[in-house]
Structures are given as C-alpha cells and as structure tokens.
Amino acid sequence: MKDRAALAFPWVFFALILGLILWDQTRARGTPAPSSPVAAGDEWWTVSIDPVCGMKVRSGASYSLTWEGQAYSFCCVACRDQFQKAPTASVQAPREGHLMLGVPTWMFQVGVAIVLVLSFGLFEGVEWLRSRRAPAALAAPARIDVTAAPLARRILSSGPLQAAARGVMALLFLGLLAAGLFGNQNPAMNITPLLTWTIWWAGLIFVILFFGKLWCSVCPWDTIAMWLERLSLWGPRRSGAGLGLKWPRFARNIWFAVILFVALTWVELGMGITLIPRATAWVGLGMLGLAIASAFLFERKSFCRYGCLIGRVSGLYAMFSSVEVRRNSADVCASCKTADCFRGNERGDGCPTFEFPRAMETSTYCILCAECLRTCPKENISLKLRPWGSDLVQEGRPRMDEAILAVILLSMTSFHGLTMTPVWPRWSGAVQGALSVSEWVAFSVIMAGMLAGPIALYAVLSWAAARWSRSRSTTELFIAYSYALLPIALFYHLAHNAEHFLMEGPKVLALASDPLGWGWNLFGTAGWTPPPLVTIEGLWWIQVLMVLVGHVYSLWICSRTTRRRVPERGRAFMAQLPMLAAMVLFSVVSLWLLKQPMEMRSAM
C-alpha cells in the first residue's frame, strides 16, 4: 500500500496542480466583470491591462470596478484596493512593464509555520517514534516496468521514431537561431527570447520532474553534432569523421559544466540577454559549437557526460524524477559475456555517456537515449516508473563536484529570483556606493557573495553535524547531505518558473504567427493578446504548495541519509539538527522570495 501511494504521488501531484489551475479559472470567471461593450461570450480573449501592476488580465474574468465612467480590470484584490486609494495617480501615470505581486503576508506566515512544524514537530516526531522500534531496512522503493509491454518496448527503442523527434527539435532550434539573428530585435516581436527563456528553460524543469532527462534524448545540439560527424541520421555508428580521442583524465568530472552554469547565469542576469534576441541566439550557437567540437574530437558523447551545463543540471534533478532506465535481473547481467549495452552491437551503439547499464545505480548521467534497450540481446534493460526521490535515498556514489553543484543550484536559483525583486536595486545601489564601482561590478560582487555564502554556511553546518555525530567527517557529511537539498532547489525552481510559464507563456500563441517580427500572420493568431493561464491568486497557491512539497521530500531524504550514515539513535538525532536548520532556512528564503513583487522578464 505504501509503495503504491509513493508511485502514484507524482501523478496525483500533477493532477492537483492541473486541478488548481482549472478551479482558479472557474473561480475567476465567477467574479463580477466590468461593464464594457464586449459581446457576450468574447470575454475569454478580451484582455485588459491592470493599471497598478501592468499585468494582462481577462476583462471578463478579473476583479474590476468602474471609475469616472471607465471600467478597469485588476489581477487581484490588492491591486484593486490600491487603485481605489489613488485612482487618479494610477490612471495618469500607468505602470511601464509588468510587476508580479508576491504571495500575501498571511500566506507566507502560514507557509513558514508549516515548514517549522514539519521540520521540528510532526516529521521529527514520526522519526522519533520509528526510532523506538527496531531499525527498519532501507529497502528500495517499488517500480513499474513500462517496457514489459512489447509494444511499448518497440516504440521506445525505435531508432527511426527517435530520429524523427530529434529532427523536429533540430529544425525548431535552427528556426529559433534564424529568428534571433535576423528577426526584429524588439523582444516583444521576436519569438526567440520567449520560447527559449520562458517556454523551454522554464518548461524543462517540469519535464525533468516527471520524465527525467527526456530533453537529452532529443537535444538539438547533440543531434546536429552527430549528423555532421557521422553523416547519417540514425543507426549504430559505423564510421565517422571524429578523432575519437579520450576525454582528458583530469577533466573527468563536472567542474567544467559547473563553471559554464555559473557563467551563463552571470551573462543571463548581468547582461540581460533574456531580452536580446540576437544574444540569445549566440548563446545557442555557442552551445552548438561546443557540442560539434566535442563530437569531432572526443569519443562517444563526452560533452554530454562531462561538459554540458544543461545535462549536468538536469542530471542532478533527474535523480529525483519519476522515471529510470535500469537492469531487470542481476543474474542475467552476470551471465552476459559481451556487455553489448556498454560496447554496442549491430542494433545500436554502446552507452554514449560511458555508463554500464547493468550496474547503473542513479540517473545522473543517463540521457534516455534507448541505446541499451536496443543492444541488450536478452531485453534485460527496462524503462521504469518509480517514486520521486528514489535515487536520493539510496547510497549511490556521492561526489564532491555534484555536492557543490547541488548547493549552487539552490543559491543561483534564489539569486535569479532576487534580481527580479524591488530589493535588488537597493542592494546593488548600496554596493555601488560603498565600493564606488559600476553596476556590473556590483552585480558580480553580489553574485559572488550569493555563491560563496550558502556554500560556506552549509560547510559550517556540515562541520557541526560531523562533530555531533562523533563518527563521520565533515567532508563525508557535506557531500552526503547535499543531495537532500536538491528537492528544495528543484521545487523552488519549479515555483519560480511557474510564474514565467503560466503568466507569460501564452504569448507564444501570437508570436508563432510572426516569429521574426516581420509582420506575418501565418496562423491567424498574430493579433491575439492571450491572457495568463492562471490568475495571480491561483499562482500563489501553486507556488507555496510546491515549496512545501519540496521541503517534505528534503526532510525525508535527510532522515534516510542520517539513518544510513549514523545508525546510533542519539547521535543520529543530533547530527541531523544542523541539516534541519539548513533546510528550514533555505525553504523560508524560498517563501520570502515568492513574497516579493517581481519584475517579469518579458517585454510584451
């Protein structure tokens, strides 16, 4: 029963989020609509601008009032109340841009209270009661083998189908490059920034949550690089123009990818390339260049394994996801003498990221390419559904480079949110004045602090945990507990991206008809002004729920990690306290960031 509930929860969560969105739209459409000449039934596509925050809202599904004979629509009660206090100022000086109000104070306070109760009350109480009994075995959660159905296995291992999907993604990528390089450079009239930073980058985290590294299996950078090096669209590698060199031994880690991730964050936020179509295209070309260079220089997909920042970020998050590729029977693998899943055969290539599928324990480096499904002669490799966090509660092979990236993901995602709040100009101005430096230098200083600060704090707490455990080193616990922070980082990342995806994503419907901003109307939607998929109040519930779910999973993983590393009950409780403090702090900061108003990145 417990295993079935754990397996079902990801999809229950998805249904809950979808239900919240549908309920929110039903509730919003029931609010009083402004008196306007809009024909009955047309309110769904009729959009007004909230004069207080600049947000687009549905005229027939929003809070509203009439002032001096003119109807005004608002995204929420707060904006309507603010307008009522000073209507003349709002009308005479309408806001430029789009300010997204943060969660209300009461919701923030309730969220913090729940985090504290879960961390030091209910959750720890359950763990204490469990500790009074004999220690339970840390068994692996149950799985469902999707490929047990022959048709599903044939579809998932089909080379032509995968090649077709890769081809579609490659053509879309080339189209975005063309639009970014040669289209109108007004970001409100060019599809490249919106589709890259709001649809793809935000949607990628949602895909990872449920389907792991599915993106990697159709990645256009890797696809184009493979086509050029092999001069073929699909099938096992027979010949190619690449040198097949081995990736340098000193670089067989993910430090290069970590540096790329930090550098991209600096470029994205410091230079504001999310609003520059040509700069966005050049970043895409840079990633393509790295993939092509690696394909011609190194063996297999070395860049995917070691260098790709997208692959490494998604790789850590994929340890939490609800799918995996694993062996079925260890005995069958032990009897295999050819290791085709690693070496390849006439049906497919060996594992392109140097994994041994028959011994693979985590999904970090698996790119769901299905090569092992094709090459295993005994069909002993399967795609399976599993509970969330399955990799994170197993021992695995923890590494320092992955631990550092886990903390950086948490700090940089928070930093990304901070730069969009009204707090940021004050911080930046204070640093500029104190150090007499430019805005760019101040940005770099604060970013460096946001990088170093959480790592240093986490190191201190790891030292305290090691001292109180009396049996483990600081380094060991620093690495082991870092994986417990991933759900907090992942679900705050989801909550932040939901703001962009749900509020700004629909604008792609209009830009699809005129992707380069040249005055086209390919699908008849160029004149549309689609409103957000959810109201601001509905978004608040979704965001707070995501942060709380991430916190609960981190508590669970932290508890399992402690029971495995520090089996003695008294010391285990003491060793866990610093980590509980860290998780509470990071989750409260996440809620605080969601409480702040945010300047949205789109110029539309």
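The chain has 24 helices and eleven strands, where helices (H or I, at least four residues) and strands (E, at least two) are DSSP runs numbered from the N terminus. This is a predicted model, in which local features need pLDDT of at least 70, side-chain atom pairs count only at pLDDT 80 or more, and totals for chains, interfaces and linings use all residues. Residues are numbered from 1 along each chain as its sequence is written, and side-chain values use heavy atoms, with hydrogens and water left out.

**Exercise 1.** Describe how α6 and α11 pack, and classify their angle.

*Solution.* 
1. Helix α6 (residues 159–182) and helix α11 (residues 277–297) meet at an angle of about 140°, and their axes lie 7 Å apart. Axes are lines fitted to C-alpha atoms, for helices over the stretch in contact, and angles run from 0 to 180 degrees between N-to-C directions.
2. Angles under 35 degrees count as roughly parallel, over 145 as roughly antiparallel, 65 to 115 as roughly perpendicular and the rest as oblique; α6 is therefore oblique to α11.
3. From α6, Phe173, Leu177, Gly180 and Leu181 make the contact (heavy atoms within 4.5 Å); from α11, Pro277, Arg278, Ala281, Trp282, Gly284, Leu285 and Leu288 do so.
4. Eight of these residues are nonpolar, two polar and one charged. Ala, Val, Leu, Ile, Met, Phe, Trp, Tyr, Cys and Pro count as nonpolar, Asp, Glu, Lys and Arg as charged, and the others, Gly among them, as polar.

**Exercise 2.** Identify the buried residues of α11 and the helices against which they pack.

*Solution.* 
1. Buried means under 20% relative accessible area, with a 1.4 Å probe and protein chains only. In α11, Pro277, Ala279, Thr280, Ala281, Gly284, Met287, Leu288, Ala291, Ser294 and Ala295 are buried.
2. Their packing partners are α6, α7 (191–211), α9 (220–230), α12 (302–307) and α13 (309–318).
3. For the whole chain, 55% of the 604 residues are buried.

**Exercise 3.** Determine how α13 is oriented to α17 and what their contact contains.

*Solution.* 
1. The angle between α13 and helix α17 (residues 400–418) is about 100°, with axes 11 Å apart.
2. The two helices, α13 and α17, are therefore roughly perpendicular to each other.
3. Arg312, Val313, Leu316 and Tyr317 of α13 meet Glu402, Leu405, Ala406, Leu409 and Thr413 of α17.
4. This contact of α13 with α17 has six nonpolar, one polar and two charged residues.

Methods. Buried means under 20% relative accessible area, exposed over 50%, partly exposed in between (1.4 Å probe, protein chains only).
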